[in-house]
Amino acid sequence: MRELAIYQAPTLTPPPSLPETLATLLRPRYKDLLISSPALPLPVGSPRPVPEPLERFGRHFPLALGRCLEEYGAFYVGGSEASSDPELDPDLSRLLLGWAPGRPFSSCCPDTGQTQDESARAGRLRARRRYLVEKARDAHVIGLLAGTLGVAQHREALAHLRNLTKSAGKRSYVLALGRPTPAKLANFPEMDVFVLLACPLGALAPQLSSGFFQPILAPCELEAACNPAWPPPGLAPHLTHYADLLPGSPFHVPLPPPESELWDTPDVSLISGELRPPPAWHLSNDPGCSALTPRPQLELAESSPAASFLSSRSWQGLEPRLGQTPVTEAVSGRRGIAIAYEDEGSS
């Protein structure tokens, strides 16, 4: 390997000369060396660099003309000796998921100076994300978590994800809850999976043991689950920024037209082993479908997923008892606070 990209993890007080020191030591061995930097927004009125560096994983890579990032190996500098679980390092996980699978990837802990090959960890993370894509394909109700309202194109991204789930025959609900926590998301048991819409550096990592009752996916994983034209696993890139999925991006893959055969491709769930049917709208528009015969009377064939979930619960709230309780006039209630109402004695 003669090409290497050095990636330094963002810290509160980063050593100013660490990347340059590493580059000085490694340049005699590597003819093409890249040092990434955070992709921070430029101040208003400042000129853009020419040529503009490549932006991936929330970082800038100053690639030479005619080169691509898939040609480089990676050397990650970051982490801490005090970290209890290195698998949950979100910064390293994003790089492992998005880097080219066939290229070498190593990491170094500045506290200990130890380096290790990350190929095995990258394989585990990719297998976990493929499992979550299968969960999204089996899901019927999807919660779209608006984790950010200040990043550009978040409205367009929400509209894109809602159209994506509708085309796949799924229901979606937009939830603005701030930072997602297990306690917050536990209030929505109707959701099968959640999709977090956040900035590239704020998206959750693999969540191997984070305590959430339902999995949380990245927007690109929902795209892989709902868009039949998306490349198969191993060929599709792992995108950390939702803007890469929108029209105008080189990674944008438009949805197939309704008459496309991709919607009729047989699909078997790798989790349950059951055959996934095509979207309901596609079955209803198929003129050659004669498997369903009309019935003489109208019947409710399918209700909303939320209503179906409510009917399956053992407790559905207070009993309304419509028409079974007498009608009375409104009366004044108790006044005061719970510790001392006005109609209670002082003792």
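Biologist: At what angle do helix α2 and α3 pack, and how far apart are their axes?

Modeller: Two packed helices are described by the angle between their axes and the distance between the axes. In this predicted model, helix α2 (residues 90-98) packs against α3 at an angle of about 80°, and the axes lie 9 Å apart. Helices here are DSSP runs of H or I with at least four residues, strands are runs of E with at least two, and both are numbered from the N terminus. Each axis is a line fitted to C-alpha atoms, for helices over the stretch in contact, and angles run from 0 to 180 degrees between N-to-C directions. Angles under 35 degrees count as roughly parallel, over 145 as roughly antiparallel, 65 to 115 as roughly perpendicular and the rest as oblique; α2 and α3 are therefore roughly perpendicular to each other.

Biologist: Which residues in α2 meet which residues in α3?

Modeller: With contact meaning heavy atoms within 4.5 Å, L92, S93, L96 and L97 of α2 meet R121, A122, L125, R126 and R129 of α3. An α-helix has 3.6 residues a turn, so residues three or four places apart point the same way.

Biologist: How many residues of α2 are buried, and which residues are buried in α3?

Modeller: Buried means under 20% relative accessible area, exposed means over 50%, and partly exposed lies in between (1.4 Å probe, protein chains only). Eight of the nine residues of α2 are buried, which leaves this helix mostly covered, and they include L92, S93, L96 and L97. In α3, the buried residues are R121, A122, L125, R126, R129, L132, V133, E134 and A136. Helix α3 (residues 119-138) has 20 residues and reaches 29 Å from its first C-alpha to its last, close to the 28 Å expected at 1.5 Å a residue, where the expected span is 1.5 Å times one less than the number of residues.

Biologist: What covers the buried residues of α6?

Modeller: Among the elements covering them are α3, β9 (141-146), α4 (154-167), β11 (193-197) and β12 (216-217). Eight of the eight residues of α6 are buried, so this helix is largely enclosed by the rest of the structure. P219, which lies in helix α6 (residues 219-226), is buried with a relative accessible area of 8%. Leaving aside neighbours within four places in sequence, P219 is in contact with L161, V195, L196, L197, Y242 and L245.

Biologist: Why is the pair of W99 and F105 edge-to-face?

Modeller: Rings of Phe, Tyr and Trp (its six-membered ring) pair if their centres lie within 6.5 Å; planes under 30 degrees apart count as stacked, over 60 as edge-to-face and the rest as tilted. The structure holds two aromatic pairs. The ring centres of W99 and F105 are 6.1 Å apart and their planes stand at 85°, so this pair is edge-to-face. Both W99 and F105 are buried, and together with F61 they form one aromatic cluster.

Biologist: Which residues does Q116 touch?

Modeller: Not counting residues up to four places away in sequence, Q116 touches F105, S106, S107 and R121. Q116 is in strand β8 (residues 115-117) and, at 42% relative accessibility, counts as partly exposed.

Biologist: What should I keep in mind about the numbering and the values?

Modeller: Residues are numbered from 1 along each chain as its sequence is written. Local features need pLDDT of at least 70 and side-chain atom pairs count only at pLDDT 80 or more, while totals for chains, interfaces and linings use all residues, and side-chain values use heavy atoms, with hydrogens and water left out.
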